[in-house]
Amino acid sequence: AVMEHFPAVLSVAESDAFVDRIEAHFAAHGYGLWALEVGGRFVGFTGLSWATWPGDFTPALEVGWRLAAPAWGKGYASEAAIAAVQHGLRHEPNIVSFTANLNEPSQRVMSRIGLRFEGEFDHPDLTDGHPLRRHVRYRADRETWAPPPVAGRR
């Protein structure tokens with residue numbers, strides 16, 4: 001369920017390589033994807049990473065999140081992503097977030113945290129005809145973004 005809007009579920013080796021990339025990103029930039037814990041239990045991650053694949057808006061600093069299904073709908077992604085955007089805008093003038101256009105829950109988070117819709121694009125890592133190829137992009141910029149109030153968690 002968590003990977004529904006991604007091309008595939010990660011294997012153990014791919015997941016381990018992803019963690020290695022997160023650690024390397026922290027070493028290179030001093031920020032990255034943060035582990036989210038609730039009551040001492042890991043429920044996912046949110047934070048910042050550089051999107052460097054070839055595109056008309058890349059390289060770009062991206063705010064993203066991925067939470068376990070039991071943590072959905074509780075405001076954790078929004079609260080942590082707001083903190084990530086605040087942190088990121090200290091380093092870069094713009095922050096983007098993007099997802100498959102079918103991923104309405106993530107688009108709602110993007111709107112909820114004050115990002116503005118910027119347009120659609122075809123993700124270059126996905127082939128023509130792939131159901132997830134069409135993506136949406138949202139953006140925050142240092143001059144106009146303000147953190148919205150965080151709604152109480154359910």
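Modeller: Let's start with Arg139, which counts as buried because its relative accessibility is 14%, and the cut-off for buried is under 20%. Keep in mind that this is a predicted model. Arg139 sits in strand β6, and its side chain makes a polar contact with the side chain of Glu118, at 2.7 Å. If you skip the neighbours within four places in sequence, Arg139 is in contact with Phe57, Asn94, Ile95, Val96, Leu115, Arg116 and Glu118.

Now zoom out to the strand itself. β6 covers residues 134-141, and seven of its eight residues are buried, so the strand is largely enclosed by the rest of the structure. Who are its partners? One is β4 (residues 94-100), which runs antiparallel to β6 and is joined to it by seven bridges. Another is β5 (residues 116-122), which pairs with β6 over six bridges, again in the antiparallel sense.

While you have the model open, have a look at one more spot. Thr58 and Pro59 are joined by a cis peptide bond, with omega at about 5°. Pro59 is found in the loop between β2 (41-51) and β3 (60-67). To tie that back to where we began, Phe57 is among the residues in contact with Arg139.

Definitions and conventions
Residues are numbered from 1 along each chain as its sequence is written. This is a predicted model: local features need pLDDT of at least 70, side-chain atom pairs count only at pLDDT 80 or more; totals for chains, interfaces and linings use all residues. Side-chain values use heavy atoms; hydrogens and water are left out. Buried means under 20% relative accessible area, exposed over 50%, partly exposed in between (1.4 Å probe, protein chains only). Helices (H or I, at least four residues) and strands (E, at least two) are DSSP runs, numbered from the N terminus. Two strands pair if DSSP finds at least two bridges between them. A polar contact is a pair of N or O atoms within 3.5 Å; within protein, one must be able to donate a hydrogen and the other to accept it, and residues adjacent in sequence count only if both atoms are side-chain atoms. Contact means heavy atoms within 4.5 Å.
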